[in-house]
Structures are given as C-alpha cells and as structure tokens.
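Walk through this structure one stop at a time. Keep the sequence beside the 3D view as you read.

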Amino acid sequence: MAPLVPMVKLPLTVLAIESSCDETAAAVVRVDAHGARILSDVIASQITEHAPYGGVVPEVAARAHLRVIDPVVRQALAEANGWESLDAIAATAGPGLVGALLIGLQTAKTLAWARGLPFVGVNHLVGHILAAFLHPDLGVPGFPYVALLASGGHTALYRVDSPGTMRELGATRDDAAGEAFDKIARILGLGYPGGPIIDRLAAAGNAMAVPFTSPMHRKGSLEFSFSGLKTAVAQHVRMHGVPTKGAGLEDLAAGVQHAIVESLVSKLVAAAVREGVVHAVISGGVAANRGLRAAAAKACAARGIALHIPPAQSCTDNAAMIAYAGVMALMAGKTDGITLDARASWSVEDAVQGRR
Ligand code: KG4
Ligand code: ZN
C-alpha cells in the first residue's frame, strides 16, 4: 500500500468499484477545478439472476460479483485509457451485503497494493448523496442542500453542508421506498424489480380511482413508513382480487405510486423548509420514478427550491458516484489501509467523520 500521504490537490483521477448489492460496477472519474468528468462508467446488473426469487439473494449476489468483477474493472480501465492517469483507487466499504461488498473491496485493495496507489473506502450512501455532482453540465446543487435518498435498501433525508459535513434528518422506520414498490408489485404478481413496472402502469392509471392513504408516519416528523401501505394493498387484493390490465390494474398502480410519491415529496419539502435551504437533491433507484420526478419538480418550484435529480444511470447503484465520493475523501486527507473491512451497516455521520 502506498504511503498515507494526504492528497489534497486537483485534478484527481480515481478508479472506483461498487458491489454492495446486485450491481457490479467500476468507473473512472476525473475531478478538476471545473468539476467531475466521468471517463468510464461500467455496470453489470444481476437483476435477471435475482428475479426468480423476487428479491436480492445475498449468496447469489456474491457469486455473481465474483464472476464479473474482473471484466467489469478491465472495461472501465480500458475506456478510461488504462492505469496511467490514475491517482488512487476507491471502493464501497459499506453499508450493504457483506459477502457482496467483500468482492469489490478486496479487488480494489489488491489492485491498489499491487499498483502502489492510495486506497480509500467509501460509504455507499455518501456516494448517492454526492451523485448530483457527476454531471456539472446539468448544474450542481449549492450548499447547503437536503438530499432524499430513496432506493431499494434505503430511504432517508440528509442535510448536506459540504462533501464532508452531512447529517441524517430522518429515515424509514420499516421498508425502504423501493422495497415498498417491489413488495407491492410482488403482491400484484407483477415481477421484479417492481418500481419500474408500477411506474409504467401508473402512467396509464387514475390515482384517485383507488386512493390509498399516504404513509405519513407521524405528521411533522421527517421519518417514513411504508409497511402500512403494503398491508393496505394486500387487504385490497384480498377483498377485490388482483385486477387485470385495462380493467383496474393501472388505477391500482397509480394509487400506490401516488401514496409513496406524496410521502417522499412532502417530507423532502418539509425538510428543506425546516432547514431553511433552497437546494434539494433526489437520488437512489426510486429517483427514476416519473411520478416522483414530476411531483417533486412541481412542489419544489412552488417553494422556490432548486431541485437536482441526476440522470437515471447515476441515481441507481453505480461506481462513478463512489469515485466522486472517493475524490472528496482523498481531498479531505482520508486514506485507508489494506486492513479496511466491509461493513453491513455504516452511518453517513460515522463515515464523514472518519469512523471506519
Ligand atoms: O439504488 P438502486 O438501484 O439499488 C439499491 O441500492 O437499492 O435501487 C433499486 C430500487 C428497486 O427497489 C427498484 O424497484 C426501484 O429502485 N426503482 C424504481 C424505479 N426504478 C427503480 N422505483 C420506482 N420507479 C422507478 N421507475
Ligand atoms: Zn444504492
């Protein structure tokens, strides 16, 4: 491992590996005074391997990462002109499935050691929270901003004062928003992952035809709760059966999506107002939802909040966001040794304050 010399100067070019869940990803990102530039962004999805089980199976995920990690990293390097320009290597160290994380983390540490490059472990959630900086041509959020992270594994709000100063404002008490989409889609027999399927169906439905109460979890709090909605849908299906396409399924999907979106958007706006900030970011797989994008844009515009939602490819799990977060960590003087271990849980606060 290279000496732990703080690297504080831009430009920096970092290779990052992400393997916390069901995507094997590697990317090279260069950050200079003008911001980030994605030189390569390779993602191998395992969705088809997990689809028969209706969710991510940890053991299946780890084996699939092991199978494709080498070609994925090779491709990311090849597209970014190889090793020459690299200043450091980053990898997601948590939170996530430990067996899955270890594949990317061990690969990254080994490459760093073999190449004599500095290594830094990155918090997956911090990566999502900073993903809005990957496309400076689309505009970047100003500090401070509130970030809504809504994915299959996490749903939470953060106040972000700088790349190294973040605080959780509220999180889900039970299911994540994406998990709610996936579980409800399963109840409706729609397949996996459920979010994009419900999104498509909802576009042709009327949310008011099958209204569900928006899961607010204690009005005024910035916490979320989605398991009640899942129960309500299950109950609806027990009473009325699962409607078919063209005969109510679209309306049901629209009702479900409306309830989830309203909860997410109202809490995002409430967080921005409470914190007195005028910039907001939405990231994570659920940020691809068209209903969420439209409702958030409308609500934020009405409140004078500038909303930033990265392109879909940078919202779902990817390594470019890990590379960018890695650059920010390196600029703050952080590096990790070869002994850094994977962590199933690792809070954003602990990560930015340097607690490994
Ligand atoms: O961020 P991500 O790729 O992986 C995790 O870290 O979880 O998010 C995946 C989640 C899944 O639950 C999926 O159903 C959801 O994001 N998702 C969507 C949409 N596209 C993906 N949810 C709602 N609408 C979408 N269009
Ligand atoms: Zn994620």
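The shell around ligand 1 is made of five nonpolar, ten polar and three charged residues. Here Ala, Val, Leu, Ile, Met, Phe, Trp, Tyr, Cys and Pro count as nonpolar, Asp, Glu, Lys and Arg as charged, and the others, Gly among them, as polar. In total, 18 residues surround ligand 1. A residue is near a molecule if one of its heavy atoms lies within 4 Å of it. The closest are Gly-152, Asp-182, Asp-199, Gly-285 and Asn-289.

Before going on, note that this is a predicted model, in which local features need pLDDT of at least 70, side-chain atom pairs count only at pLDDT 80 or more, and totals for chains, interfaces and linings use all residues. Residues are numbered from 1 along each chain as its sequence is written, chains are lettered from A and ligands numbered from 1 in the order in which they are written, and side-chain values use heavy atoms, with hydrogens and water left out.

Now look at the polar contacts of the ligand. A polar contact is a pair of N or O atoms within 3.5 Å; within protein, one must be able to donate a hydrogen and the other to accept it, and residues adjacent in sequence count only if both atoms are side-chain atoms. A polar backbone atom of Gly-152 lies 2.7 Å from an oxygen atom of ligand 1. For Gly-195, a polar backbone atom is 3.1 Å from an oxygen atom of the ligand. Asp-317 uses its side chain instead: a polar atom there is 3.0 Å from a ligand oxygen. How much of ligand 1 does the protein bury? Taken alone, ligand 1 exposes 550 Å², and the protein buries 89% of that. Such areas come from the Shrake-Rupley method with a 1.4 Å probe; for residues, only the protein chains shown count as cover.

Which elements give two or more residues to the shell around ligand 1? They are helix 5 (177-187) and helix 6 (194-202). Helices (H or I, at least four residues) and strands (E, at least two) are DSSP runs, numbered from the N terminus. Pro-193 is in the loop between helix 5 and helix 6. A cis peptide bond joins Tyr-192 to Pro-193, with omega about -5°. Another cis peptide bond joins Leu-10 and Pro-11, with omega about 0°. Pro-11 belongs to the segment before strand 1 (12-18).

Next comes a backbone angle. Asn-81 has a phi near 70°, a positive value in a residue other than glycine. Asn-81 sits in the loop between helix 2 (58-79) and strand 4 (88-94). Is Asn-81 buried or exposed? Asn-81 counts as exposed because its relative accessibility is 67%. The cut-offs are under 20% relative accessible area for buried and over 50% for exposed, with partly exposed in between (1.4 Å probe, protein chains only).

Now turn to some buried residues. Asp-336 lies in the loop between helix 11 (320-331) and helix 12 (348-352). Its relative accessibility is 6%, so Asp-336 counts as buried. The side chain of Asp-336 reaches the backbone nitrogen of Gly-121 at 2.8 Å. Cys-300 lies in helix 9 (residues 290-302) and, at 1% relative accessibility, counts as buried. Cys-300 and Val-146 are 154 residues apart in sequence and 12 Å apart in space, C-alpha to C-alpha. Leu-264, in helix 8 (residues 249-275), is buried with a relative accessible area of 0%.
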